[in-house]
Amino acid sequence: MRNENYRMRIIDNILDNYLKTFGAVLIEGPKWCGKTWTSKYHSKSEFLLADPKGNFNNKKLAMINPDLALVGDKPRLIDEWQEVPSIWDAVRGKVDETIEKGQFLLTGSATINKDKYIHSGTGRIARLRMRPMSLYESGYSDGKISLKDLCENNITDTFTGEVSLEKIISFILVGGWPASIGMDEKQGMLLSKEYIKAVLEEDIYKVDSVKRDAHKIELLLRSLARNESTTVTNKTLKNDIKEKDFDDINIDTITDYLNLFDKLYLIENIPPFANKLRSSLRVKQSEKRHFVDQSLACALLNLTKEKLLNDLEYLGFLFESLVERDLFTYVSSFNAKLYHYQDYNANEIDAVIEMEDGSWCGFEIKLGANQIEEAADNLKQINELIVKQGGESAKTLCVICGMTNAAYKRPDGVYVVPITSLKA
């Protein structure tokens, strides 16, 4: 079912390999990120659970007999499988029965409680995470610099061209939704606002049929937006809501709602890089808060280009969020892991990439070129501290910048790379 208009994604090569290795593959991720389009591109037939034809006839048929959803040329796409959870066990059973690879592609934009199906699917159904489009996938990065090559100290200096602050802000506001490509900025921003509206009015109930307070959920989402790209605690989120929105919410409710956001793939936090350093240095065990796309934070706070130009500090946090959204996608292509580093002495590295061999690379993320010197010094100082405390030295140190016109290696060994020239 290959579509000539399909825009290639970084996950494509990974998915091809998975289909050769496993009987079925589940592609998980937020709504509107392109799961169905990608799955259609890799499948030969399809069964769409959310298809409204015949008063949702496909869903009714699957509820009567889930095996009906499995009949068709392979790989067969079963879209939004969680609408009929028994399909999971039917797929697992069919994979066991035939022992063929690449039989089924499942997609899902929400996780469901495991008590709704019997078997885990381990060894039969592999899971892949899909995210909104990176700048490279959207066509907004020229891809002159490979992140994998950068992590292996294997890039050459190159001019990449100027990028305006207004352009960077536009990337932040519009986000990586495939549907936004070709739209003007206002149309793109409207997509994210409608996304949040759909979450509040529909999705929060669909996940587990539990009625929750949509108003308090919105308050928590707005607090997360205000604290994007920080390691804010649940207690601080509670206090932030009380201070900024003049309302209150208890800690248990916050925990419940955060779990809900996880199930909806609304958030993807960055875990701390601690034990991997094999160092005696005391490291905070706090995740860095992130929406799956920074445009959702912008939509929740009703931000515009003018508002962001008047709050450059917060703009910096959003730029960091955009870069780390892309890093999540890029590192998945070469089996690396993304972390952040923060210790109790306020030493921080924005992003840490751990390679398959255990080596690590440190990245500072800065919007303006005037911040490069300070960022490079910070990377070097923390790297020296880690080594002094018994950890391993970084394989690569790099400043990812928004507004620099070249990718190059400084005399001190720290790389500088513009986000608009980065790819996997």
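1. Buried residues make up 55% of the 424 residues in this protein. Buried means under 20% relative accessible area, exposed over 50%, and partly exposed in between, with a 1.4 Å probe and protein chains only. The model is predicted: local features need pLDDT of at least 70, side-chain atom pairs count only at pLDDT 80 or more, and totals for chains, interfaces and linings use all residues. Residues are numbered from 1 along each chain as its sequence is written, and side-chain values use heavy atoms, with hydrogens and water left out.

2. Overall dimensions come next. The radius of gyration is 22 Å, which agrees with the value near 22 Å for a compact globule of 424 residues. That radius is taken over C-alpha atoms, and the globule rule is 2.2 Å times the number of residues to the power 0.38. Along the principal axes, the C-alpha atoms fill a box of roughly 65 × 50 × 45 Å. The accessible surface comes to about 19000 Å², and 48% of it belongs to carbon and sulfur atoms. Areas come from the Shrake-Rupley method with a 1.4 Å probe; for residues, only the protein chains shown count as cover.

3. The protein has 15 helices and 14 strands. These are DSSP runs, numbered from the N terminus: helices are H or I of at least four residues, strands are E of at least two. Take contacts between residues at least 6 apart in sequence: 72% join residues at least 24 apart. Contact means heavy atoms within 4.5 Å.

4. Two strands pair if DSSP finds at least two bridges between them. Strand 1 (residues 24-28) and strand 5 share five bridges. Leucine 26 has arginine 127 in strand 5 as its bridge partner.

5. Axes are lines fitted to C-alpha atoms, for helices over the stretch in contact; angles run from 0 to 180 degrees between N-to-C directions.

6. A second open sheet has seven strands, ordered 7-12-13-11-10-9-8, with mixed pairing. Strand 7 (158-159) and strand 8 (337-342) are at the edges with a single partner strand each, so one side of each has no neighbour in the sheet. Helix 14 packs on this sheet, touching strand 8, strand 9 (348-354), strand 10 and strand 11, at about 140° to strand 10.

7. Strand 10 (residues 360-368) runs parallel to strand 11 (residues 396-403), joined by seven bridges. With strand 9 the sense is antiparallel, over four bridges. Strands 9 and 10 form a hairpin with five residues between them; glycine 358 in the turn has a positive phi of about 95°. Eight of the nine residues of strand 10 are buried.

8. Phenylalanine 363 deserves a look. The largest nonpolar core has 78 residues, of which Leu147, Phe261 and Phe363 touch the most other members. Such a core is a set of buried Ala, Val, Leu, Ile, Met, Phe, Trp, Tyr and Cys residues joined through side-chain atoms within 4.5 Å. Helix 14 (residues 312-332) gives the largest share, ten residues.
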